[in-house]
Amino acid sequence: MYKAPRGTSDQLPSEQKYWSYVQDVIESVCMTYGFDRINTPIFESTALFARTVGDQTDVVQKEMYTFDDRGGESLTLRPEGTAPVCRAYLEHGMHVLPQPVRVFYFCPIFRYERPQAGRFRQHNQFGVEAIGDPDPLVDAEVIQLGWDMTTQLGLKKMNLVINSIGDSECRPAYLEALKSYYAGRLDELCKDCHSRFERNPLRLLDCKEESCAPFIAGAPESVQYLCENCKDHWDKLRRYLKSSGLEYVEDHRLVRGLDYYTRTVFEIKPQGGGSQSTVLGGGRYDGLIQQLGGPVTPGVGFGCGVERLIANLKEQTALVKDHRMRKIVVACLGDEAVEAGILIANELRGSGISSVMAPRSRSLKSQMRYASNLNARFTIIIGQDEIVNQTVLLRDMDEGSQKETHVSEITNMISSMVAL
RNA sequence: GUGGGCGUGGCCUAGUGGUUAAGGCGCCAGGUUGUGGCCCUGGAGAUCGAGGGUUCAAAUCCCUCCGCUCACCCCA
């Protein structure tokens, strides 16, 4: 038996209401913030990600789905959404558009990881990018969009966490301070923190080991090492967030895993959420486009895990309406009736009404049961008598009542009743 | 990549050494002529994750592998 590959899953018909609900809300929120949709390819040149995400990051080191195509070119299934959008920005000369360019995407993301709760090898991300404006006002706008989306989805008890990790100007000094702080306590740190010390000191602040907690509490904070420009950016951002009434938590332990982030980083996660609960994460990436060979171009954005959004929706039992149209089932007795039934079903479809033929070579009882199991709104019954009279029986499955109707009137009649 | 838990019809579960593996949900069909939902009856559907071992006898005990799941690393 074939099964969906590890870490992937089918979005079954019964799940579709969540997906269309989330997509609808996302699209309308993005629209109100002036963000337009962009779609990029599902795979890109491997180098695009290796260069921007960072050679030393786990994403590049061990999580990319990379393959050579038949022409020998190394391609990679998109492991994140920002770099492709920046590539498209450059490729299509979007710097001539009014800046910042505001776009959003909704697409599958691939990472070769061990799956667990809230983590998959293929998942869907909704993300936004605002490219071409360094102003903290844009950071605030992007953050507010993300927050608005979660509230409009109906998610409660979410936390917005923000931090600033500086830029190429001031971060080196901070990293030095952090390393010298930790250098004296190396033998007291956990095994993972030893490798963090070497590979990615910022992540020392994110250790979940209890024994490391006291060191984190006393560690130097990046916001205290910000250079003039970064400090100004950080102060203004917070002022903008406050003035729009957004409640946020400053957390100096918040760091992000991708190398391209500068200054602002932020996350939205459910209160008391487990380990893989972050629903939305992003930040500013002022050096990314330059790294792609473009001119110095600032940008800010976030990625949001749609599966995690939906998991939260279900947990909070937020009401999500099923917008599927109820069906009309056409039940026929005899070959002649089937031919008449096909015509009627097609006529209904032509008027935008969902209609299906009941499975053939079954008793009427069985066809009725079928209609009932599909939660059909009406069943149209056609037998010999109806053929002769040019009529059908229209049965209301909710009321349990039925009446004989001339074939020429059936579509109008159903249209008016479905409209109710 | 590392560690824990778990694998019984499509789904949920009983069975923890002894005849044809049990039940619920779902599916299909019947309960007299062309009528659903409730009820009743019946049917289909499982090489008990796979392979090997112990035993007179294995879903049940042991080993290996595979899969799922949770956690770590890391991330949405």
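User: In which loop does Lys-157 lie?

Analyst: Lys-157 lies in the loop between α5 and β7 (158-164); here helices (H or I, at least four residues) and strands (E, at least two) are DSSP runs, numbered from the N terminus. This is a predicted model, in which local features need pLDDT of at least 70, side-chain atom pairs count only at pLDDT 80 or more, and totals for chains, interfaces and linings use all residues. Residues are numbered from 1 along each chain as its sequence is written, chains are lettered from A and ligands numbered from 1 in the order in which they are written, and side-chain values use heavy atoms, with hydrogens and water left out.

User: What makes the phi of Lys-157 worth noting?

Analyst: Its value is near 55 degrees, which is positive in a residue other than glycine. Most residues other than glycine have a negative phi, and most peptide bonds are trans.

User: Which peptide bond is cis, and what is its omega?

Analyst: The bond that joins Gln-99 and Pro-100 is cis, with omega about 0 degrees. Pro-100 is placed in the loop between α4 and β5 (101-110).

User: Why are α5 and α9 called oblique?

Analyst: The axes of α5 (residues 136-153) and α9 (residues 228-243) cross at roughly 45 degrees and come within 8 Å. Axes are lines fitted to C-alpha atoms, for helices over the stretch in contact, and angles run from 0 to 180 degrees between N-to-C directions. Angles under 35 degrees count as roughly parallel, over 145 as roughly antiparallel, 65 to 115 as roughly perpendicular and the rest as oblique. The two helices, α5 and α9, are therefore oblique to each other.

User: Which residues of α5 and α9 meet?

Analyst: Pro-136, Leu-137, Asp-139, Ala-140 and Ile-143 of α5 meet His-233, Lys-236, Leu-237, Tyr-240 and Leu-241 of α9, where contact means heavy atoms within 4.5 Å. By class, this contact has 7 nonpolar, 1 polar and 2 charged residues; Ala, Val, Leu, Ile, Met, Phe, Trp, Tyr, Cys and Pro count as nonpolar, Asp, Glu, Lys and Arg as charged, and the others, Gly among them, as polar.

User: How do α2 and α4 cross?

Analyst: The axes of α2 (residues 46-53) and α4 (residues 82-91) come within 10 Å and cross at roughly 110 degrees. That makes α2 roughly perpendicular to α4. In their contact, Leu-48, Phe-49 and Thr-52 of α2 meet Ala-83, Pro-84 and Arg-87 of α4.

User: What makes α1 and α11 roughly perpendicular?

Analyst: The axes of α1 (residues 16-32) and α11 (residues 306-315) cross at roughly 110 degrees and come within 11 Å. The helices α1 and α11 are therefore roughly perpendicular to each other.

User: How many residues surround RNA strand B?

Analyst: There are 51 around RNA strand B, and the closest are Arg-111, Arg-119, Arg-196, Arg-203 and Gly-257. A residue is near a strand if one of its heavy atoms lies within 4 Å of it. By class, this surface has 11 nonpolar, 18 polar and 22 charged residues. Helix α13 gives the most, with 7 residues.

User: What makes the pair formed by Glu-113 and RNA strand B a polar contact?

Analyst: A polar contact is a pair of N or O atoms within 3.5 Å; within protein, one must be able to donate a hydrogen and the other to accept it, and residues adjacent in sequence count only if both atoms are side-chain atoms. A polar side-chain atom of Glu-113 lies 3.5 Å from a base oxygen of RNA strand B. For Met-397, a backbone N or O atom lies 2.5 Å from a base nitrogen of RNA strand B.
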